[in-house]
Amino acid sequence: MILFKQISQLQQALAAARNENKSIGFVPTMGALHQGHLSLIAQSKRENDITVCSIFVNPTQFNDPKDFEKYPITTAQDIQLSEQAGLDILFMPTVDEMYPNGQQLATPYPLGRIETLLEGAFRPGHFQGVCQVVHHLLNIVQPDAIVMGQKDYQQCMVISKLLEITGLPTQLKLGATLRETDGLAMSSRNVRLSPEARQKATAIYKSLTEISQHITKKDIITLEEEATSFLLKNGFDKVDYISIADAVTLEPVTKPVKDQQLVVLVAAFIDNVRLIDNLLFSFSS
Ligand code: AMP
């Protein structure tokens, strides 16, 4: 594995690979790597000749400065895990390297409705920051494919829109959400949970599966209300949203139709840690 901190050196190495007609897969991350990230690297390795993973805690996508300050950094372990995963290239730029002319976004991306829903409503500016950094990284790496996790389902839809807006030739590939054995979605933020909160956090996955199993038996509002009270009774302090939505538009669904692809998305706080998760299912299931 080669570790680059400078854009110019990374680009030299990638130009050489491209000259040899090698396909490039790209996995952007914010580090504190876990098995979920490593599964995306493994997917990219299966589908491409060369895999690049970036680790960059992007300041422009944090609407809450405290969340940015508390974001876990585990550099030595990340390097070791990447190497063990057989990663070809690790890119770890500094903030100055990524934003030499300041962090201000010149023109907002016309993302439309999707950035006003769910995460967009609770984290103003978040998806503009995500697009800013992913667009910059895509211009640097110029990968054939970008591999992203369904764990951040709305983010995947936003990046799909970014690719449409920019016309970049990169293909978006989604990777399944990796979970702990008790169902909790793996997340870099899980390390901030106390042992007690970690135990209780399993309520999120329980509420998602409960909804997917009862979708044909109860109406949407009842399912959402029951899930919210279940989370609040089981250790969560606040629920930002729990929404049953169309899997493509992410618009809330009131009356699902047969075979409609749905996604239930949740964001909730436990122990001052904001966790998000989601589950895809179809109405007839
Ligand atoms: P992050 O470092 O949290 O920005 O995540 C980097 C990438 O890893 C994103 O595409 C995430 O969706 C993905 N990811 C995070 N958690 C998981 C997980 N549990 N399973 C699969 N992919 C994940």
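A salt bridge is a side-chain nitrogen of Lys or Arg within 4 Å of a carboxyl oxygen of Asp or Glu, and across the interface of domain 1 and domain 2 in this protein four such salt bridges are found. The structure is a predicted model, and its chain is divided into domain 1, residues 2–175, and domain 2, residues 188–277.

- The C-alpha centres of domain 1 and domain 2 lie 26 Å apart, and the contact between the two takes 21 residues from domain 1 and 18 residues from domain 2.
- About 1,700 Å² of area is buried between domain 1 and domain 2, and carbon and sulfur atoms give 55% of that area.
- On the domain 1 side, the residues that lose the most area to domain 2 are Leu 118, Phe 122 and Tyr 153, which together account for 32% of what that side buries.

**Salt bridges**

- The count of salt bridges in the model comes to 15, and the number found across the interface of domain 1 and domain 2 is four.
- In another, Arg 198 pairs with Asp 182, with the closest N and O atoms 3.1 Å apart.

- Helix H4, which covers residues 75–84, gives the most to the lining of the second largest pocket, contributing three residues.
- By residue class, the lining of the second largest pocket divides into 13 nonpolar, three polar and two charged residues.

**The largest cavity**

- The model has one cavity of 30 Å³ or more, and the volume of the largest cavity is about 50 Å³.
- The largest cavity is lined by Lys 151, Leu 184, Ala 185, Ser 187, Asn 190, Ile 204, Leu 275, Ile 276 and Asp 277, and these lining residues divide into five nonpolar, two polar and two charged.
- Strand E9, which covers residues 273–282, gives the most to the lining of the largest cavity, with three residues.

Conventions: Residues are numbered from 1 along each chain as its sequence is written. This is a predicted model: local features need pLDDT of at least 70, side-chain atom pairs count only at pLDDT 80 or more; totals for chains, interfaces and linings use all residues. Side-chain values use heavy atoms; hydrogens and water are left out. Helices (H or I, at least four residues) and strands (E, at least two) are DSSP runs, numbered from the N terminus. Ala, Val, Leu, Ile, Met, Phe, Trp, Tyr, Cys and Pro count as nonpolar, Asp, Glu, Lys and Arg as charged, and the others, Gly among them, as polar. Domain bounds come from an automatic or database domain assignment. Contact means heavy atoms within 4.5 Å. Buried area is the accessible area (1.4 Å probe) that two parts lose on being put together, summed over both. On a 1 Å grid over the protein atoms alone, a cavity is a set of points where a 1.4 Å probe fits but cannot get out, and a pocket is an open set with protein on both sides within 12 Å along at least five of seven lines; lining residues have an atom within 4 Å of a point. Grid points are joined across faces, edges and corners, and a volume is the space filled by probe spheres set on the points.
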